[in-house]
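Take a moment to look over the chain as a whole. Then follow the paragraphs below, one region at a time.

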Amino acid sequence: MIKTQICKAFSVILFLLIASTAKSQNQSQDSTTTNEKIYRATPDKINDLVHTKLDVKFDYKKAYLYGKAWITLKPHFYPTNTLTLDAKGMDIKNVSINNGSINSPLKFTYDSLQLKIDLGKTYQSSENYTIYIAYTSKPNEFKTKGSQAITDAKGLYFINPDSSIKGKPVQIWTQGETEGSSVWFPTIDHPNQKTTEEIIMTVPDKYVTLSNGALISQKKNNDGTRTDTWKMDKPHSPYLFMMAVGDFKIYRDKYKNIPVNYYLEPAYAPYAKDIFGKTPAMIEFFSKKLGVEYPWNKYAQVVVRDFVSGAMENTTATLHGEYVQQTKRELIDGSNGEETIAHELFHQWFGDYVTAESWSNLSLNESFADFSETLWAEYAEGKDAGDAHNYESMQSYLGSPDAKTKNLIRFNYNDKEDMFDVVSYQKGGRILNMLRNYLGEDAFFKGLNLYLKNNAFGNGEAQQLRLALEQVTGKDLNWFFNQWYYNSGNPDLNISYKWEDKKKAQTVYFSQKQKGDAFTLPIRIDIYVKGGKITQDYWMKSKTDSICFPLDTKPDLVNVDADKILLMSKKDDKTIQEFAFQYKNAPLYMDRLEAVEAAIIKIKTKEAQEILIAALKDPFYGLRIEAINNLKLDNEELKKKILPTIINIAKTDTKTLVRAAAIESIGNLQDKRYLSLFIEALKNPSYAIEGAALNSIAALDMSQAKSLAKSLEKESKGPLSSAIVNVYSVEGSDAEFPFVYQSFTEAGAQSKFQLIPGLASLLMNINNNENLKKGLVELASMAKQYKNYGADKYVNVMLNNVLKSKQNDLDKVSASDKANLQTQIQEIQKTIEDINRL
C-alpha cells in the first residue's frame, strides 16, 4: 500500500509540516510508555484457511452486502473442535458445517467482532472441513481505525450509491489492509493466513466488476443484473481480497501471455495507455531483476473515487486513488502515479507472493515497495533520477523527529496502523539500498531471489531475509540487521579535515553526535589529488574516530561517503572551494546536490555563484530548477551574467518544469520588457508553463491577468488552475466563485492543499451567502479529512483571516448590506468553532 499522496504538499505548505510534526511528537510521547509494555506477537495459527468461496449481492440503498460464504479450513497442527473467525459488524443468519449439498447447523456465539463456532467434532490436521455462513455486511454502521488513521476501516465502500452527487460515478470498492476484509466476509483476518478464493458477484448489468484472479464466467439474469464469477487459484492473504464495481472502461494490455488491464472512468479511458502503459515494461524489469517471473495469472489496475489511501496492492488487482488519472496534456509535466504504479506492482512479489507474517514485520512488504520506486527511477530515467528519489525519501524520514525512536521491526506498538509510517516505508527503503550497495548488485538480488523462492505463497520475516542473504554471500549480517532492523535512529555524523603540510598528511575526523551507541559504518572515501583519485574503504565503529592519509600534496577534495549511500544526517566541514571542485569532478547526483546546497548557504561568494551558474546546465532537471530558484535576479551583477541563460531556459529547456521555474524567475523581476515572453508561453500545452506565465503576467498587470484567466478557464488543470485561482483570489468576486469552487472540488488532495489560500482569499470578496457556505463546507471538509496532517490548524488560520476581513468591512458597508455581512460572519465563526472541536 502507498500512503495518501498529500505528503508531497508539505514542501509547499510549511505550516502543515510544522503542525503535523508537532502533533506526531505529542502522539509519540503520549504512547511511548504504553508501547514499551505491549508485545505484539504473531497470531497463533490454530486453524488454517484453505479456500474461501463468496457469493455476494449489494443493496445500494442501504449500503449492505448480502453474502454467503463457504470457508474451507483445517487444523494447523493440534486437533481442534472450535473455530474463531473475524466478522465485524455483521448480521449472522446461519452457521453450518457443509457436507456436499447438506448444511448442518452449528452452535456459535457472536460479539459483533468475532464469530466463535463449536465444530461439533474434533478435526485432525489432515482433515479439511467447510463452514457455511449466511450473513449481512453493514459497513457504514461499523467504525474503527483503518490503514489511514483519518478514516474508518469499514472494508467495503459504497460511493455515491444513490446518484445524488451529479457527475460523480456510482462505485463499490473494498480496502482490506489491515483488517478491513472481515467487515465484508468472515475470515481469519491475519496476514499469516493464505487461502485460494472464488468470488461470485451479482451486480447491475450496466456495471463492470473486478476481483482477484481470473473472470471465469458471466451470466445475465432476468432482473437486469449479471452474475460474475472470479477465481483465484493460488493462495494469498485475506487482506488482499478485493472487489470493484462501477462504470469502468477496460484497456487491455499484456505482458507476454499475461493479461495486463487498466480500468478507468470513461472520461479518462482514452488516456489509459498514457497513464499505465509502462506497466508491462515494469513487470519485465522486476521479473528479470528478481529472477522470479511475475507469479500471478493477470495484473489489473483500477482507479476509484474517494479512496482512503494512495493505492492498494490487492493480489493481481491494484486499486488506485483518482489522483493517478491524468490527461495526455497533464502528463506533459510528469506523471502523478508512475512511482505508485511501480510501488504497488513490486508488492505482487513482496507483500502478495511472500507476505509479512505480522504487522511487526511490515518492512518485508512496504520497505521493498518503497525501494522499488528508486529501482524503477534508476532504470527508466537514469541513476541521477534514482539517487534523487532516494535522497528525497531519506529527507522524509530525517524530517520526522519522532521516527528516530522507532525500530524498523517493531514488536511493540500501540496500534498496527502505527506501522504505516516513514520508518516502514522511507527509512526501510533506504536501508535496503544501503544493503544493496554493501553486498553488491548481483549478490543482493540473488539473495532476494532465494528469499522469494524459499517463502513462495507463504510468509516471511526479517530473519528469513537475513538468512537468505547470508546463504548467498557467505557474510555474517547480524551486525547490519541488529543495527538497522532491530534498532532505531540513525547516525548524526560530523566530518572535519586537517592538512598538515610539514607532515604531508591529510587527516579526516569523524564524530557521531546522536544519542546512544555508535553505528557501525562502512564508508568509502575518495581522495582527489594531482588530477587522480584514490579510493579507500574504511569502517567506523566508535562514536569518534579519525583516519590519516599520507600524501605528497594537499588534496583538492576528500569525499567521504563517496557512494552517497549512508542513511544519516551529515555535517561536512568542506570549504566552498572544495564543494566547487566536488560539483565539477565527483560523479554522482548527490555530489552535485551537496555542492548546490552549500552554494545556496554561501550565495554571496564567487565560488557559490559559479556552482549555481554551472547547475543551470546540470544534466538532471531537478538541480536546474534548484539553481534557478536560488539565483535571485535582484542582484544586478549576477543578473547580467545569468539572465540570458535563464531566458534561453524559459524558451528551450527540454523539461517543462524547468521552463516554468525560469519563467517564474523572470516574472519576479516585474519587468514589462518580458511580457511578450509570458504571452507566448501561454500558448504552450504545458499547464506548468502556462501557470507560470499567468502568474508572471499577474505580477505586471492584474487586470490583464484576469482577462486572460477568463479565456484560459475552459480546459485548465493543475498549475494553470492554481494560477487562475491565484488571480481570482485577488481580483475575483461571486462571478469567479464557480470556477474556483469547481477547481477545488475536482482537485486531488495535494492540489487542494495548494488551493486552500486562494479559496479562502476569494471568500473575503464573496457577497452571496450560498457561495460562502459552499466554500466553508469544502474548507471544513479538508480540515476534518486531513486533520492528522495538520489541515485543521491550517484551515483555521485561513478562516480567521477571512473573519477579520469581513469584520473590518462592517464599518465600510451600507446599512442594508450590514445584515448580510453579519450573517456571513456568523457562518464563518460557526465553521471555525466546528473545526476547533475536531
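Predicted model: local features only at pLDDT ≥ 70, side-chain atom pairs only at ≥ 80, totals over all residues.

Residues are numbered from 1 along each chain as its sequence is written, and side-chain values use heavy atoms, with hydrogens and water left out.

Start inside. A nonpolar core is a set of buried Ala, Val, Leu, Ile, Met, Phe, Trp, Tyr and Cys residues joined through side-chain atoms within 4.5 Å. Buried means under 20% relative accessible area, exposed means over 50%, and partly exposed lies in between (1.4 Å probe, protein chains only). The largest nonpolar core has 187 residues. Which of them touch the most other members? They are Phe 286, Tyr 485, Phe 510 and Leu 694. Helix α19 (residues 687-700) gives the most to this core, with nine residues. A second, separate core has 66 residues, including Val 56, Leu 85, Trp 173 and Phe 241. Helices (H or I, at least four residues) and strands (E, at least two) are DSSP runs, numbered from the N terminus.

Now look at Phe 286. Contact means heavy atoms within 4.5 Å. Leaving aside neighbours within four places in sequence, Phe 286 is in contact with Ala 342, Leu 345, Phe 346, Trp 349, Ser 372, Leu 375 and Trp 376. Step back to Phe 285, in helix α3 (residues 279-290). Is Phe 285 buried or exposed? Its relative accessible area is 11%, so Phe 285 is buried. Phe 285 touches Leu 375, Trp 376 and Tyr 379, not counting residues up to four places away in sequence. Phe 285 and Ala 380 are 95 residues apart along the chain. Their C-alpha atoms are separated by 9.8 Å.

Return to α19. Its partner here is helix α21 (residues 718-731). The two pack at an angle of about 20°, with their axes 7 Å apart. Axes are lines fitted to C-alpha atoms, for helices over the stretch in contact, and angles run from 0 to 180 degrees between N-to-C directions. Angles under 35 degrees count as roughly parallel, over 145 as roughly antiparallel, 65 to 115 as roughly perpendicular, and the rest as oblique. So α19 and α21 are roughly parallel to each other. Their crossing is left-handed (the near helix is turned anticlockwise from the far one by less than a right angle; clockwise would be right-handed). On the α19 side, the contact is made by Tyr 687, Ala 688, Glu 690, Gly 691, Leu 694, Asn 695 and Ala 698. On the α21 side, Pro 719, Leu 720, Ala 723, Ile 724, Asn 726 and Val 727 take part. By class, this contact has nine nonpolar, three polar and one charged residues. Here Ala, Val, Leu, Ile, Met, Phe, Trp, Tyr, Cys and Pro count as nonpolar, Asp, Glu, Lys and Arg as charged, and the others, Gly among them, as polar.

Next comes another pair. Helix α9 (residues 441-454) and helix α10 (residues 462-473) pack at an angle of about 125°, with their axes 8 Å apart. They are therefore oblique to each other. The crossing of α9 and α10 is right-handed. Among the residues in contact are Phe 444, Leu 448 and Tyr 451 of α9, and Leu 465, Leu 469 and Val 472 of α10. The contact of α9 with α10 has nine nonpolar, four polar and one charged residues.

Turn to a strand. Thr 229 sits in strand β14 (residues 225-236). At 8% relative accessibility, Thr 229 counts as buried. Setting aside neighbours within four places in sequence, its contacts include Glu 198, Ile 200, Ala 214 and Ile 216.

Finish with the backbone. Most residues other than glycine have a negative phi, and most peptide bonds are trans. Lys 256 has a positive phi of about 55° although it is not a glycine. Lys 256 is in the loop between β16 (249-255) and β17 (258-264), and at 54% relative accessibility it counts as exposed. Lys 504 has a positive phi of about 50°. Lys 504 lies in the loop between β23 (492-500) and β24 (505-512), and is partly exposed, with a relative accessible area of 34%. Where is the cis bond? The peptide bond from Glu 177 to Thr 178 is cis, with omega near 5°. Thr 178 lies in the loop between β10 (171-174) and β11 (195-204).
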